[in-house]
Amino acid sequence: MRRTIELSDQEATLRQLLLDVSTHIGTLDGHSRPQLRFTGGWVRDKLLGVGSKDIDIAIDSMTGYKFGLFMKQYLEQPDTQAKYPKSVKLSKIEANPEKSKHLETTTGHIMGLDIDLVNLRKETYTEDSRNPQMEFGTPEDDALRRDATVNAMFYNLDKSEIEDFTGRGFQDMERGVIKTPLSPYQTFKDDPLRLLRAIRFASRLGYSIDAEDERAMSDPGIWEEFKLKITRERVGIEVTKMLQGDQAPRNCLPNH
């Protein structure tokens, strides 16, 4: 399996634009230069040799909305307009925890790519909700909060390198395994919807589910949490996405 990523012309131009915006921010009074990373599914798909038009961009020192404002400001400068395409659309997306949008972000469409700007974050859960409390986090925090190690790798724009902060992303991709970065029991207890996401990614990628994760999925306590925290609407969305996978998971879950 490959361990490096080759950017398309569109992706390379987007990378340079984002780095230019970051440098621009660093020249402004009271601001440091943000570090930027492509994250999650885009990294996974590129390593698998699959093209992806959706790119999530993580920012270390400000919200995605604030970075988007600076990006808009930068693109309006006369010398910038000659360098980058004019057809850049940016929109603010308000936080909506019930639809798994826990932070306000900025989405955009540029050079045929759909981008989502959001800050690196850490999540803390309470006993009665799958909607976490959010705060700014480190790259390690952001990787560990994700639903699977194969979805937790980053592409550092400054270094043009892949970062595997869980220490298992490459390994689990080579094994063809879906595995939570942290304890599967606690992960599924905090947000039982991740149980269905694990099955969905296994279905989509043709992977198996890690044995420890499968045991946690079979725990009656997890299913009680599932019934308490997950709405029928959310179940329906995940099942629909699951059925769109090319393959069924290589191992199955018990009925509950």
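Start by selecting His-24 and showing its neighbours: leaving out residues up to four places away in sequence, it touches Phe-70, Gln-73, Tyr-74 and Gln-77. This is a predicted model, so colour by pLDDT at some point; the mean for the protein is 88, with 90% of residues at 70 or more. Back at His-24, the residue is part of helix H1, residues 9-26. Is His-24 buried or exposed? With a relative accessible area of 13%, it falls under the 20% cut-off and therefore counts as buried.

Next, select H1 together with helix H3, residues 64-75. Their axes come within 10 Å and cross at roughly 95 degrees, so the two helices are roughly perpendicular. To see the contact itself, show Leu-17, Leu-18, Asp-20, Val-21, Ser-22, His-24 and Ile-25 on the H1 side, and Phe-67, Phe-70, Met-71, Gln-73, Tyr-74 and Leu-75 on the H3 side. Sorted by class, that makes nine nonpolar, three polar and one charged residues.

Now click on Met-71. Beyond four places in sequence, Met-71 touches Leu-17, Leu-18, Val-21, Leu-90, Ile-115 and Leu-117. Met-71 also belongs to the largest nonpolar core, which has 55 residues; Leu-14, Leu-18, Phe-38, Phe-67, Met-71, Tyr-155 and Ile-178 touch the most other members. For the biggest contributor to this core, select helix H8, residues 193-205, which gives eight residues. Apart from that core there is another, of five residues, including Ala-58, Leu-120, Ala-143 and Ala-152.

Last stop: residues 96-102. Here pLDDT stays under 50, and the model has 18 contacts beyond four places in sequence for this stretch.

Key
Residues are numbered from 1 along each chain as its sequence is written. This is a predicted model: local features need pLDDT of at least 70, side-chain atom pairs count only at pLDDT 80 or more; totals for chains, interfaces and linings use all residues. Side-chain values use heavy atoms; hydrogens and water are left out. Helices (H or I, at least four residues) and strands (E, at least two) are DSSP runs, numbered from the N terminus. Buried means under 20% relative accessible area, exposed over 50%, partly exposed in between (1.4 Å probe, protein chains only). Contact means heavy atoms within 4.5 Å. Axes are lines fitted to C-alpha atoms, for helices over the stretch in contact, and angles run from 0 to 180 degrees between N-to-C directions. Angles under 35 degrees count as roughly parallel, over 145 as roughly antiparallel, 65 to 115 as roughly perpendicular and the rest as oblique. Ala, Val, Leu, Ile, Met, Phe, Trp, Tyr, Cys and Pro count as nonpolar, Asp, Glu, Lys and Arg as charged, and the others, Gly among them, as polar. pLDDT is the predictor's confidence in each residue, from 0 to 100. A nonpolar core is a set of buried Ala, Val, Leu, Ile, Met, Phe, Trp, Tyr and Cys residues joined through side-chain atoms within 4.5 Å.
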